[in-house]
Amino acid sequence: MDLKALGCVVLLPIQILYYIVKATVCWFLPSRRRDLTGDVVLITGGGRGIGRHLAKEFAVRGAKKLILWGRTEKCLKEACEEIALMGTECHYFVCDVANREEVYKQAKVVREKVGDVTILVNNAAVVHGKSLLNSDDDALLKSQHINTMGQFWTTKAFLPRMLELQNGHVVCINSILSLSPIPGAIDYCTSKASSLAFMESLTLGLLDCPGVGCTTVLPFHTNTEMFQGMRVRFPQLFPPLKPEVVAQKTVDAVRTNTAFVYLPWTMHALVILKSMLPRSALEEIHKFSGSYTCMNTFKGRT
């Protein structure tokens, strides 16, 4: 080992300690927040659920323009009208993010009609809600194409211009199930795990790109119609999140350029426990929490 390499090895623990101390100090100090007044925000799956609440939250925080993408025009139109009544310019486009060519086509239309997107929120998702052997092949593919591959197409469509402008942010509404999967949602858990790996890789890849950042939000079970019928064993101990809370925390994370957000904050303990406890102990935790059976009454979005 040469002297330069040896110096790097010695310096690494000092650098790690420095950034730990820096992060701790910054946690107690007020963060500098991004001004959204010049931002054009595009939200996939923006017609309902968390996406709709995100649109309203960005409007409240002063975003210049909002663009909603989704597959159901009725929901998109209603959400767009609601945002317009709040005084924020809003546009909607029917677009299935699973369709690569459609994404690229609509992205071009957005640039021509609305302008450059500076904040991309990949929120669109579906859940099939069945075990592997009871799942239809096409439904399994649909989950992967929307929840995972859709992010590839939207990010490829809008990230290059963000890099040119040195101004942009890519957001992913993921799920804590990407780290702690449950039975009965194998399609969703798998696609979200892939989505998390995509965002981790993208976040690292953009570290040296000035003005462009990433945020990945991993919420616990959220009270939306997409997971209608899902039952938690102890709702008082593990209450479902409200979509408006997820939206507020997400926009706040974008403004503070926070890379990863766990909701609620107690989910940090889950990540730590999973890396430390033996498999048998984790299985007992799953049994205690009722995660083995929580999808038994799942109905999903009608």
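This is a predicted model: local features need pLDDT of at least 70, side-chain atom pairs count only at pLDDT 80 or more; totals for chains, interfaces and linings use all residues.
Reader: What makes up the protein chain in terms of helices and strands?

Author: The protein chain has nine helices and seven strands. Of its 302 residues, 44% count as buried.

Reader: Why is the pair E82 and K56 called a salt bridge?

Author: The closest N and O atoms of E82 and K56 are 3.3 Å apart. The cut-off is 4 Å between a side-chain nitrogen of Lys or Arg and a carboxyl oxygen of Asp or Glu, so the pair qualifies.

Reader: Why are E82 and K56 called partly exposed?

Author: E82 has a relative accessible area of 28%, and K56 has 24%. Buried means under 20% and exposed means over 50%, so both values fall in between.

Reader: How do you know that E78 and K74 form a salt bridge?

Author: Their closest N and O atoms are 2.9 Å apart, and the limit is 4 Å, so E78 and K74 meet the definition. Both residues lie in helix α3, four residues apart, about one turn of the helix.

Reader: Which parts of the chain does the salt bridge of R161 and D116 link?

Author: The side chains of R161 and D116 meet at 3.1 Å, N to O. R161 is in helix α5 (residues 137–165), while D116 is in the loop between α4 (100–113) and β4 (119–122). The two residues are 45 residues apart, and the pair is described as linking distant parts of the chain. R161 is partly exposed at 32% relative accessibility, and D116 is partly exposed at 26%.

Reader: Which residues do salt bridges with shared partners join into one network?

Author: R52, K56 and E82 are joined in this way. The structure holds nine salt bridges.

Reader: Which residues make the contact of α2 with α7?

Author: From α2 come I50, H53, L54, E57 and F58. The residues of α7 include P243, E244, V246 and A247, and also Q248, T250, V251 and V254. By class, the contact has eight nonpolar, three polar and two charged residues.

Reader: What is the omega of the cis peptide bond that joins L263 and P264?

Author: Omega is about -10 degrees. P264 is found in the loop between β7 (260–263) and α8 (267–276).

Reader: Where do Q166 and N257 lie?

Author: Q166 lies in the loop between α5 and β5 (168–173), and N257 lies in the loop between α7 and β7. Q166 has a positive phi of about 55 degrees although it is not a glycine. N257 also has a positive phi of about 55 degrees and is not a glycine.

How values were computed:
Residues are numbered from 1 along each chain as its sequence is written. Side-chain values use heavy atoms; hydrogens and water are left out. Buried means under 20% relative accessible area, exposed over 50%, partly exposed in between (1.4 Å probe, protein chains only). Contact means heavy atoms within 4.5 Å. Ala, Val, Leu, Ile, Met, Phe, Trp, Tyr, Cys and Pro count as nonpolar, Asp, Glu, Lys and Arg as charged, and the others, Gly among them, as polar.
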